[in-house]
Amino acid sequence: MEISFPEAYREVLPRAVAAPPLFPPAVNAVPSPARPPSGTSDSPYLQKNTRAFVHAMLALFCGGFATFALLYCVQPMMPGFSQSFGLSAAQSSLVLSIATGPMALGLLITGPISDAVGRKPIMVVALFTAAVCTLAGALMPNWEGLLAMRLLVGLSLSGLAAVGMTYLAEEIDPAHMGYAMGLYISGNAMGGMSGRLISGVMIDFVSWRVVLLVLGVIALAAATLFARRLPPSRHFEPSSLRPRDLYANFALHFRDPGLPWLFLEGFLLMGAFVTLFNYIGYHLLEAPYALSQAVVGLVSVVYLAGIYSSARVGALADLLGRRRVFWMVMVVMGAGLLLTLAETLWLVLPGVLIFTFGFFGAHSVASSWVGRRALHARGQASSLYLASYYLGSSVAGTLGGLMWQWGGWEGVVGFIGLILAAGLAVAARLARLTPLQAASTRH
């Protein structure tokens, strides 16, 4: 989902004089000095087609891949956890929720820490810690031990999710920022899809412990490459962690008439998306479909539609305006959701694909809207949106399990439908906002 907020940065960062860190020291901070003209021989920023640029992008691609592969690899294995530990669907969903919840909180913590101690050290420690905790999780003798390791995985991964884009903003030449951000986001996307795909197929042939060991080793290799190849920060300037300044910036965003609703929208969108993918596996394993676990794992291929839609819908929103496009893609999500109620598999699978297409499009619009709406401390605004986003995954993903126990797939669909209805109500309120001229001519 890992994949889906490039627009806010693609539009804002290339225009920045020196892009603000995720948690700037103060709202009225003195602007940083202007960057040298891009493309000049004495420019200290990373230039496209140089060895340092290639190394940086390779490292960040691998880091993003490992982050979202580790976070979401457990989703297709939830039915296996239910069998191994005698758990209900709701209890099994904790293996994902207990990681995304701390990740949401960590996003608000690791950003300020990186402002004080540096970008690369935080990201390196985050990746190695997450890889080691995944390997340790495979060796845990009981469910409680596995959950403890997953909690640490989520908390650790917030280090890269919160800092990766700030590193790019500080080190990459503005002329190449869109290209660099696209490569980084593609790593996030490929990681989210591949983690689900690898675990979903392997779990049909080996135990969940073997799957976690394999993914832990892959993540360890990615962390090693990341540490060796990522160039050190050359433009990082440490700042103090002053709670008063942090609070002032947070309060600024919550006084805005639109940003709190966009944060809520992130919560609702991700809650709906994760709930569907948490329990669609249970649904397809049962009659009348009775698919194998390996085939169910292949459903993750629909992420390719989401990778496509995030860019296409974002471009359409630039053309027509966000308020006009936003509610449309949420209706698309609802149409796909209804198709999953069919008894014919050839309608269910397109329904999942359509739902995924709509979700990534909606997330792209919402995340870019945050970047356009926030006039100050944009990094903090993005962190608040992402924190709400992952909190929605944790809360709604677990509540969906109760709906599964109560009403089966129809109960889950009804629950997601209520979330989407709330999301449409928020979209209608956002459509009535007065555009901020200083932020953009289109909202």
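The legends below describe close-up views of a predicted model.

**Figure 1. The chain as a whole.** The secondary structure of this predicted model consists of 16 helices and zero strands. The chain has 443 residues, and 59% of them count as buried. Of the contacts between residues at least 6 apart in sequence, 84% join residues at least 24 apart.

**Figure 2. Helix α2 crossing helix α6.** Two packed helices are described by the angle between their axes and the distance between the axes. Here the view shows α2, residues 51-72, and α6, residues 119-138. Their axes come within 11 Å and cross at roughly 40 degrees. The crossing of α2 past α6 is left-handed. From α2, the residues that take part are L60, G63, A66, T67 and L70, and they meet M123, L127, A130, A131 and T134 of α6. Sorted by class, this contact has seven nonpolar residues, three polar ones and no charged ones.

**Figure 3. Helix α14 and its buried face.** Helix α14 runs over residues 322-339, which makes 18 residues. At 1.5 Å a residue it should span 26 Å, and this agrees with its end C-alpha atoms, which are 26 Å apart. Buried in α14 are R322, V325, F326, V329, M330, M333, G336 and L337. Seen down the helix axis, these buried residues fall within an arc of 135 degrees, so they line one face of α14. R324 and L338, on the other side of the helix, are exposed.

**Figure 4. L337 and its surroundings.** L337 belongs to helix α14. Its relative accessible area is 3%, and the cut-off for buried is under 20%, so L337 is buried. Which residues does L337 touch, not counting residues up to four places away in sequence? They are L276, G351, F355, V413, I416, G417 and L420. One of these, I416, is 79 residues from L337 in sequence, while the C-alpha atoms of the two are 8.1 Å apart in space.

**Figure 5. T356 in helix α15.** T356 lies in α15, the helix of residues 345-373. Is T356 buried or exposed? T356 counts as buried because its relative accessibility is 0%. Leaving aside neighbours within four places in sequence, T356 is in contact with F273, F277, V302, Y303, G306 and S309.

Notes:
Residues numbered from 1 in each chain as written. Predicted model: local features only at pLDDT ≥ 70, side-chain atom pairs only at ≥ 80, totals over all residues. Heavy atoms only, no water. Helix = DSSP H or I, 4+ residues; strand = E, 2+ residues; numbered from the N terminus. Expected span 1.5 Å × (residues − 1). Buried < 20%, exposed > 50% of the residue type's maximum accessible area, 1.4 Å probe, protein only. Arc of directions from axis to C-beta. Axes fitted to C-alpha atoms, helices over the stretch in contact; angles between N-to-C directions. Left-handed = near helix turned anticlockwise from the far one by under 90°. Contact = heavy atoms within 4.5 Å. Nonpolar A, V, L, I, M, F, W, Y, C, P; charged D, E, K, R; others polar.
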